[in-house]
Amino acid sequence: MKILGELEVTDRKKLVLSIGEYRDQERVDLRQYIKVDDDYIPTPKGINFNSEWLQNFIKLIKKLEDV
């Protein structure tokens with residue numbers, strides 16, 4: 001997975017946006033990581049979807065601007 005960006009949520013949590021391949025399909029992953037000792041590790045909290053859905057996902061997120 002190639003990390004595209006990170007967003008610090010707290011001093012021990014962050015969101016990581018990455019993209020990579022799984023079973024010959026390009027996947028987008030937005031996952032919560034937590035700090036354990038000095039390293040961040042991924043948690044089960046997050047979403048992972050086929051990159052073909054990216055444009056629809058962006059449209060969905062943009063709806064938050066109208067709230």
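Is Phe 57 buried, exposed or partly exposed, and what is its relative accessible area? Phe 57 is partly exposed, at 23%, where buried means under 20% relative accessible area, exposed over 50% and partly exposed in between (1.4 Å probe, protein chains only).

The views show a predicted model in which local features need pLDDT of at least 70 and side-chain atom pairs count only at pLDDT 80 or more, while totals for chains, interfaces and linings use all residues. Residues are numbered from 1 along each chain as its sequence is written, and side-chain values use heavy atoms, with hydrogens and water left out.

**View 1. Ring pairs link Phe 49, Trp 53 and Phe 57 into a cluster.** Rings of Phe, Tyr and Trp (its six-membered ring) pair if their centres lie within 6.5 Å; planes under 30 degrees apart count as stacked, over 60 as edge-to-face and the rest as tilted. Two aromatic pairs are counted by this rule. Phe 49 and Trp 53 are stacked, at 6.4 Å centre to centre with 10° between the planes. The pair of Phe 49 and Phe 57 is tilted, because the planes stand at 40°, with the centres 4.8 Å apart. Phe 49 is buried at 6% relative accessible area, whereas Trp 53 is exposed at 52%.

**View 2. Lys 14 lies over the face of Tyr 40.** The distance to the ring centre is 4.1 Å; a charge sits over a ring if NZ of Lys or CZ of Arg is within 6 Å of the ring centre and within 35 degrees of the ring normal.

**View 3. Strands S2 and S3 run antiparallel.** Strand S2 (residues 13-22) is joined to strand S3 (residues 25-36) by 10 bridges; strands (E, at least two residues) are DSSP runs, numbered from the N terminus, and two pair if DSSP finds at least two bridges between them.

Notes:
Helices (H or I, at least four residues) and strands (E, at least two) are DSSP runs, numbered from the N terminus.
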